[in-house]
Amino acid sequence: MNAVERAVSVLDAGAGERVVVAVSGGPDSVALLAAAQRVLTRRGVDVRAAHFNHGIRAEAGEDEALVARLCGELGVTLCVGRADVPALAAERKQGLETCAREERLAFLERTCAALGAKACLTAHHADDQAETVLMRLFRGAGAPGLRGIPRKRGVFVRPLLDLRKEETVAYCAENSLMYALDATNRHSDTPRNWLRNEILPLVRARYPAAERHIVEAADALNEDDDALAAIASRVFEEALDKGALCLSPLRAQPPAVRKRVLGRWLKGIGGSPERTHLCALDNWLSSGRTSGEMHMPGAVIELSMGVMQNRPVVTQRGVVAFTKDKPVHLGGWRLSLVESISRASLTTTAFGEALIQAVDTRALPDGLTVRFRENGDRMRPYGAPGERLVSDVFADKKIPRAQRDDRPVLALNARVLWIPGVAVDECLAVKDGEAQIAWLKLIHTNAMEDDI
């Protein structure tokens, strides 16, 4: 039994149970399916295959046919899902990779549920893990992000995380298994491909076992993070009092525990904390201060007499006239119109979008205001047909209800022209080369003011 089959053999699946193997047609998933069919069926496990055709590559139909042929040869029942991901991504204004991943995972979850499968096996391996951990490290992820790809999450199980890609390719060669190669993987135009093609070969030349060591580091970080999360959970229960957070139980804890407690509490009240917010709040704890106020997306935190609580934002019902020549301030936010913008100034938000928007200044009408959304607000989102209720736009984008009032909008009476990070009205969108382009830029001030 070789390394691929050994990895599959330790899976917790027995006679009468069913597993689904996600098969793209590449060497990793082909090796996983063949090994699962060979090892698990001997135990009486019913092995099924699932293939999702994204409709992205011209060769997508050929990949589907290859997987069907392989399943026929192995005697494995195949379930196929299809979607026009490019069209869906355009409709949702999502990145192609994000949309493809969401559709694929949803299909696999539906398939497992319909078949009553115990698990869905995916073929992520050590090279994938190394790429994921490094990408997140370079982007500034904390401990939760550096845990990497989980070995198990929900129905998904990844038995090959300890194996290198070269081992799955070798298994295919040894067993005369045909597979497809995605030509786009050779282009270093995405962060993952750049790491895979340009960076990791250089690292591997100096440190041949780099991928395995990164997997081991991610496993160790998972263990540490789980232990800290368990401690933080106990402290959280002790500190929570009718929705407020008493700080005295936290002060004796190390920063790693305090920040986990603060993060859990903030998410519970509808906040969307980033690392800067957690560090700022933690500074309150370590400094011993007893009063203060901090604005952040989804919450205004008030500290008084050693108790931290969420205070309603009374300024959110205000309305401020928009001016082109100077910033506008409302509810802890600053909106401005700038002629140019650098990549370094892009700010990520709770919605996962940039708080900037290119607009055609010729279309900026007089009488614009900056305010928070109201019931009945409408807009004509660029790229979408017709006029929509703003509430429906939020629903389409799957923005949680607790976050929909986090930030101001740019409006003309009851018509909203820009929801930062969500949608821009067609009248402001840059549509052609004649446009006079400027950038709307919304930034949270993250102001922290001492009580006087």
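## The sheet

Six strands make up an open sheet here, ordered β3-β2-β1-β4-β6-β5 with mixed pairing. Two strands count as paired if DSSP finds at least two bridges between them. The edges are β3 (77–82) and β5 (152–153), each pairing on one side only. Between β2 and β3 the pairing is parallel, over six bridges, and Phe 52 sits opposite Gly 81 in β3. Strands (E, at least two residues) and helices (H or I, at least four) are DSSP runs, numbered from the N terminus.

This is a predicted model, where local features need pLDDT of at least 70, side-chain atom pairs count only at pLDDT 80 or more, and totals for chains, interfaces and linings use all residues. Residues are numbered from 1 along each chain as its sequence is written, and side-chain values use heavy atoms, leaving out hydrogens and water.

## Helices across it

Helix α2 (residues 27–40) lies across β1 (18–22), β2 and β4 (119–121), at about 160° to β1. Helix α5 lies across β1, β2, β3, β4 and β6 (156–157), at about 150° to β2. Contact means heavy atoms within 4.5 Å; axes are lines fitted to C-alpha atoms, for helices over the stretch in contact, with angles from 0 to 180 degrees between N-to-C directions.

## One aromatic pair

The structure has one aromatic pair (ring centres of Phe, Tyr or Trp, using its six-membered ring, within 6.5 Å; planes under 30 degrees apart are stacked, over 60 edge-to-face, the rest tilted). Phe 52 and Phe 107 have ring centres 5.4 Å apart and planes at 35°, so they're tilted. They link distant parts of the chain, 55 residues apart: Phe 52 is in β2 (residues 46–53), Phe 107 in α5 (residues 96–115).

Phe 52 counts as buried, at 9% relative accessibility, and Phe 107 is buried at 7% (buried is under 20% relative accessible area, exposed over 50%, partly exposed in between; 1.4 Å probe, protein chains only).
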